[in-house]
Amino acid sequence: MSQGVRTRPEGSGQPLSEAYDTALLDLDGVVYAGGNAIVHAVDSLAHARAGGMHLAYVTNNALRTPDVVAEHLSELGIPTGADDVITSAQAVARLISEQVPAGARVLVIGGEGLRVALRERGLTPVESADDDPAAVVQGYGGPDLSWGRFAEASYAVARGVPWFASNTDLTIPSGRGIAPGNGAAVEVVRIATGAEPQVAGKPLPPMHRETILRTGAERPLVVGDRLDTDIEGAFNGQVDSLLVLTGVTDGPQLLAAPAQHRPTFVDADLRGLLTGQPEVTEAGAGFRCGGWTATAGAERLELVGEGEALDGLRALCAAAWTAAGEGSCELDGGKALARLGL
């Protein structure tokens, strides 16, 4: 990974599937949305795998077990084994196991994925604050998780029981739009107790550690759709990243990204794994990619030229990130993005 503050997306003369040995792929918003495969995902992953790239699926969603996730991916046409799936439930279970005695009881606020991960680490899931738990763990439990479960967590946390969270994503993509994620549920318990959980999932180090331990990746590429989890997680792990625009991140968010949220590469979808990446070069006071040149003016980002929209976006990223330094670019990029249809 390049050192220092990233000021532009990087180029690659090789297809990314050849430059990196393992793709660490987020699921929601990258491979599928609402349970259905995202366009081009199945074929792109098949070609990457056929070329020798190891595919691992890394998700902050703690609801489903690796077996269930692997079965779902296989049904979509992406052959996957349970060992290829790494979840935040596994990461938080390891974190808990390092701090409580073997066989300890853990109050579970979430779904089956958490229970399976805890048992894998030799811990005992329980359902009540009155079961004398040594820890409380909270993970996404699906849309039907009852309000009473949050109260159960609050009772235990208020008594001083250590509190853990699989992740704190405020939202999660669904087939109908963006829904509240585990982070929203964590906020309920935080408000009720004033406590702070230990968090394992992306973008924090426990999740990256779990992923590397389980995949053995030597040249990993993180592939995701979220700046504050996938891309920041790659930044914290000091590995390269590919942002795909099939999920929650849009053009304005990307241009405003502070240093820890800037991806190494940007592409429309998973077809970006199969190609090289165009270089962004300096052009006078601006930055050029393909047929586009972007500059940072006094109040707004300017874009001239024509060509592929993604090249224009890459050039705009370079102008915005360079102008912002380590912080977030506050220049108006709306008109420039509108020219690109983004």
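**A walk through the model**

Modeller: Happy to! Please keep in mind that this is a predicted model.

Colleague: How many disulfides does the count come to?

Modeller: A disulfide needs two cysteine sulfur atoms within 2.5 Å. The sulfur of Cys317 has its closest cysteine sulfur in Cys289, 9.8 Å away, so that is too far for a bond. For Cys329 the closest cysteine sulfur is in Cys317, at 10 Å, again too far. The count by this rule is 0 disulfides.

Colleague: Is Cys329 buried or exposed?

Modeller: The cut-off for buried is under 20% relative accessible area. Cys329 has 10% relative accessibility, so Cys329 counts as buried.

Colleague: Now the sheet with 5 strands: in which order do the strands come?

Modeller: The sheet is open and its pairing is parallel. Strand 7 (124-126) and strand 12 (198-199) are the edge strands, each pairing on one side only.

Colleague: Which residue is the bridge partner of Ala165 in strand 12?

Modeller: Strand 9 (residues 163-165) and strand 12 run parallel and are joined by 2 bridges. In strand 12, the partner of Ala165 is Val199.

Colleague: At what angle does helix 5 run to strand 6?

Modeller: Helix 5 (residues 112-120) lies across strand 6, strand 7 and strand 8. Its direction relative to strand 6 is about 160°.

Colleague: And what is the angle of helix 4 to strand 9?

Modeller: Helix 4 (residues 88-97) lies across strand 6 (105-109), strand 8 (135-138), strand 9 and strand 12. Against strand 9, helix 4 runs at about 155°.

Colleague: Is helix 4 roughly parallel or roughly perpendicular to helix 8?

Modeller: Helix 4 packs against helix 8 (residues 205-215) at about 105°, with the axes 9 Å apart. Angles of 65 to 115 degrees count as roughly perpendicular, so helix 4 is, relative to helix 8, roughly perpendicular. The residues in contact include Arg94 and Leu95 of helix 4, and Leu213 and Arg214 of helix 8.

Colleague: Which residue does the peptide bond with omega of about 15° join to Lys202?

Modeller: This is a cis peptide bond.

Colleague: With which side chain does the side chain of Asp26 make a polar contact?

Modeller: Asp26 is in the loop between strand 1 (22-25) and strand 2 (32-33), and counts as buried at 7% relative accessibility. Among the residues Asp26 touches are Val58, Thr59 and Asp230. The polar contact, at 3.0 Å, is with the side chain of Lys202.

Colleague: How far apart in space are Leu316 and Cys289, C-alpha to C-alpha?

Modeller: Leu316 lies in helix 11 (residues 309-324) and is buried, with a relative accessible area of 0%. Residues it touches include Leu255, Ala294 and Leu340. Leu316 and Cys289 are 27 residues apart in sequence, while their distance in space is 9.1 Å.

Colleague: Is Gln238 buried or exposed?

Modeller: Gln238 lies in the loop between helix 9 (227-237) and strand 14 (240-244), and has a positive phi, near 60°. Over 50% relative accessible area counts as exposed. Gln238 has 57%, so this residue is exposed.

How values were computed. Residues are numbered from 1 along each chain as its sequence is written. This is a predicted model: local features need pLDDT of at least 70, side-chain atom pairs count only at pLDDT 80 or more; totals for chains, interfaces and linings use all residues. Side-chain values use heavy atoms; hydrogens and water are left out. Buried means under 20% relative accessible area, exposed over 50%, partly exposed in between (1.4 Å probe, protein chains only). Two strands pair if DSSP finds at least two bridges between them. Helices (H or I, at least four residues) and strands (E, at least two) are DSSP runs, numbered from the N terminus. Contact means heavy atoms within 4.5 Å. Axes are lines fitted to C-alpha atoms, for helices over the stretch in contact, and angles run from 0 to 180 degrees between N-to-C directions. A polar contact is a pair of N or O atoms within 3.5 Å; within protein, one must be able to donate a hydrogen and the other to accept it, and residues adjacent in sequence count only if both atoms are side-chain atoms. Angles under 35 degrees count as roughly parallel, over 145 as roughly antiparallel, 65 to 115 as roughly perpendicular and the rest as oblique. Lists of a residue's contacts leave out its neighbours within four places in sequence.
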